[in-house]
Amino acid sequence: MSTNQVEETQPGTGDTDDVTSTPDDQTETSTPDLNPSPAPTPADEPNLPAERPFSWWHKKPGDREWKSGIREVLIGVGAAALIAFLGVAYTTITDDRRAEQAERLENLRFIRERSDEKLETPRPFNGMDLTGQNMAGLFLYDADIALAALPDANLLRAILARADLSGTDLSGANLVGTDFTEAILDQAVLTGADLTEAMVDSASFEGANLSDANLLGTRITSLQLSRICKYGDRPPRNLPTDVELPDNRDLTECGR
């Protein structure tokens, strides 16, 4: 065998280098990194903002829905409390009105039982509440009705001769044809009352308030009117033609 043939059958040095170098390269690229980088130290971490007070209110996941739910609950509770308060207030007012009306009806019953023509019958009605009650035609001669409350009451043609009505509230009352002969109406309030054809002979009106009262057909005298209290810009109406209304400046201040 010649020298040239031996050289051809043996792999060359350059080919050997190429074959052995390829596995080395693949081993280096596929080998995992067994020495990972060290974890960052606290000095390397970013500065986070300080937590705000009441941070639970500033939740981020579903923040809007969460706050909306709380708001709806608060509104519902407030509405329920308001409804309950109004209900209690209405019930209280209604009960008070019923109690007042019941008291007035009981007072009226008491008065009706003593409405007779016996002059000696005692009639102690002092301070009673008879607001808006119907007392038409009752015989209440010489009755004590001082300081009573009778606004808007109906006393049509009632007999109140010689009755004591001092300080009684008769504002807006129906006193048409009522007999007040020798009655005491000192400091009484008769504003807006209708005294058409009422009998007021010898009745006392010392300090009485007759503002805007209707005196049509009464026989009230100038002397009686001189003792009433100031009527301001609402003088009594329909005075008898022979009666002169006193000047406000000559009258005393009204007590009520």
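## A tour of rings, core and disulfide

Start by selecting phenylalanine 110, which is partly exposed at 22% relative accessible area (buried means under 20%, exposed over 50%, partly exposed in between, with a 1.4 Å probe and protein chains only). You are looking at a predicted model, where local features need pLDDT of at least 70, side-chain atom pairs count only at pLDDT 80 or more, and totals for chains, interfaces and linings use all residues. Residues are numbered from 1 along each chain as its sequence is written, and side-chain values use heavy atoms, leaving out hydrogens and water.

The structure holds 2 aromatic pairs (ring centres within 6.5 Å; planes under 30 degrees apart are stacked, over 60 edge-to-face, the rest tilted; for Trp the six-membered ring is used). Phenylalanine 110 and phenylalanine 125 form an edge-to-face pair, 6.0 Å centre to centre with 85 degrees between the planes.

Now select phenylalanine 139 and tyrosine 141: their rings are stacked, 6.3 Å centre to centre and 25 degrees between the planes. Both residues are buried.

Move on to Phe180 and Phe205, the residues with the most contacts inside the largest nonpolar core, which has 42 residues (a set of buried Ala, Val, Leu, Ile, Met, Phe, Trp, Tyr and Cys residues joined through side-chain atoms within 4.5 Å).

Finish at cysteine 229 and cysteine 254, whose sulfur atoms are 1.9 Å apart in a disulfide (cysteine sulfur atoms within 2.5 Å). The link is right-handed, with 85 degrees about the S-S bond. Cysteine 229 is buried at 2% relative accessibility, whereas cysteine 254 is partly exposed at 24%.
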